Amino acid sequence: MIDWLLDLDKTLFLLLNVKLANPLFDLVMPLITHRWSVRGVFIAILLYLLIFDGKRGRFAAVAAVLAVAIADQAAATIIKPIVSRIRPCHLIEQVHILVDCSQGLSFPSAHATNTAAVAALLSLIYSKARWYLIGYAALVSFSRISVGVHYPFDVIGGAIIGVAVGIAVYQFYKLGAGQWLKPKSDPL
């Protein structure tokens, strides 16, 4: 069963990384997936929340930082060493590699984990922005396959972990927000 799943993952990787490769993806995907692009978007979201959404935004920003911290540590320091999956750019000859192939491990994708955690959390708080947040997380996740450094199951697994973390942090956010953001009762 595991061999069948690994073969399916490799087949999907080759389809998405090699067959769908094109000059537009070659130009755009390395920019989307670059760590400073992802961090820049995250910082912009945090600044927007802090500046323009008052107390709710401050709570949401703190919750988002907490979600990324938990998701990133879960992916990078707990799960990756246990799974110890080698990146496709080290194993597959025909990979269409667009960025440096890190020596780090492959499963789960920390980019997918972190962006999914923020997307899940903030989608629950700001439902009008849900599809923008999910779309961005999906784009970053796809970029990891497109540039040749992650298998599809790496980003799917990362997204599942990220969503779980985002939902868990949202539950704590609700506790804190319920305590601090409820309307003050009229003293009269």
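Me: At the start of α6, which residue has a side-chain oxygen that reaches to within 3.4 Å of the backbone nitrogen of His-111?

Reply: It is Ser-109, at the start of α6. Such a pair is a polar contact, that is, two N or O atoms within 3.5 Å; within protein, one must be able to donate a hydrogen and the other to accept it, and residues adjacent in sequence count only if both atoms are side-chain atoms. The model is predicted: local features need pLDDT of at least 70 and side-chain atom pairs count only at pLDDT 80 or more, while totals for chains, interfaces and linings use all residues. Residues are numbered from 1 along each chain as its sequence is written, and side-chain values use heavy atoms, with hydrogens and water left out.

Me: How many helices and how many strands does the protein have?

Reply: Helices (H or I, at least four residues) and strands (E, at least two) are DSSP runs, numbered from the N terminus. The protein has eight helices and zero strands, and its pattern along the sequence reads α-α-α-α-α-α-α-α. Its C-alpha atoms fill a box of roughly 75 × 35 × 25 Å along the principal axes.

Me: What span should helix α6 have, and how far apart are its end C-alpha atoms?

Reply: The expected span of a helix is 1.5 Å times one less than its number of residues. Helix α6 (residues 110-125) has 16 residues and should span 22 Å; its end C-alpha atoms are 23 Å apart, which agrees. Just after α7, Gly-148 has a positive phi of about 95°.

Me: How many of the residues of α6 are buried?

Reply: Buried means under 20% relative accessible area, exposed over 50%, and partly exposed in between (1.4 Å probe, protein chains only). In α6, 15 of the 16 residues are buried, so this helix is largely enclosed by the rest of the structure. The buried residues of α7 include Leu-133, Ala-137 and Val-140. Of the 188 residues of the protein, 40% count as buried.

Me: Which residues does Thr-113 touch?

Reply: Contact means heavy atoms within 4.5 Å. Thr-113 lies in helix α6 and is buried, with a relative accessible area of 0%. Not counting residues up to four places away in sequence, Thr-113 touches Ala-71, Ala-75, Pro-108, Gly-158, Ala-159, Ile-161 and Gly-162. A polar atom of its side chain lies 2.8 Å from the backbone oxygen of Ser-109, and the backbone oxygen of Gly-158 lies 3.3 Å from a polar atom of that side chain.

Me: Is Val-165 buried or exposed?

Reply: Val-165, in helix α8 (residues 152-180), counts as buried, at 10% relative accessibility. Leaving out residues up to four places away in sequence, Val-165 touches Ala-67, Ile-70, Ala-71 and Ala-117. Among contacts in the protein between residues at least 6 apart in sequence, 79% join residues at least 24 apart.

Me: Which residues make the nonpolar surface patch of about 640 Å²?

Reply: The patch is made by Ile-43, Leu-47, Tyr-48, Leu-50, Ile-51 and Phe-52. Phe-52 lies in helix α3 (residues 35-52) and is exposed, with a relative accessible area of 59%.

Conventions. Patches are made of residues with over 30% relative accessible area and no salt bridge: like charges are joined within 9 Å, nonpolar side chains (Val, Leu, Ile, Met, Phe, Trp, Tyr) within 5 Å. Accessible areas come from the Shrake-Rupley method with a 1.4 Å probe; for residues, only the protein chains shown count as cover. A salt bridge is a side-chain nitrogen of Lys or Arg within 4 Å of a carboxyl oxygen of Asp or Glu.
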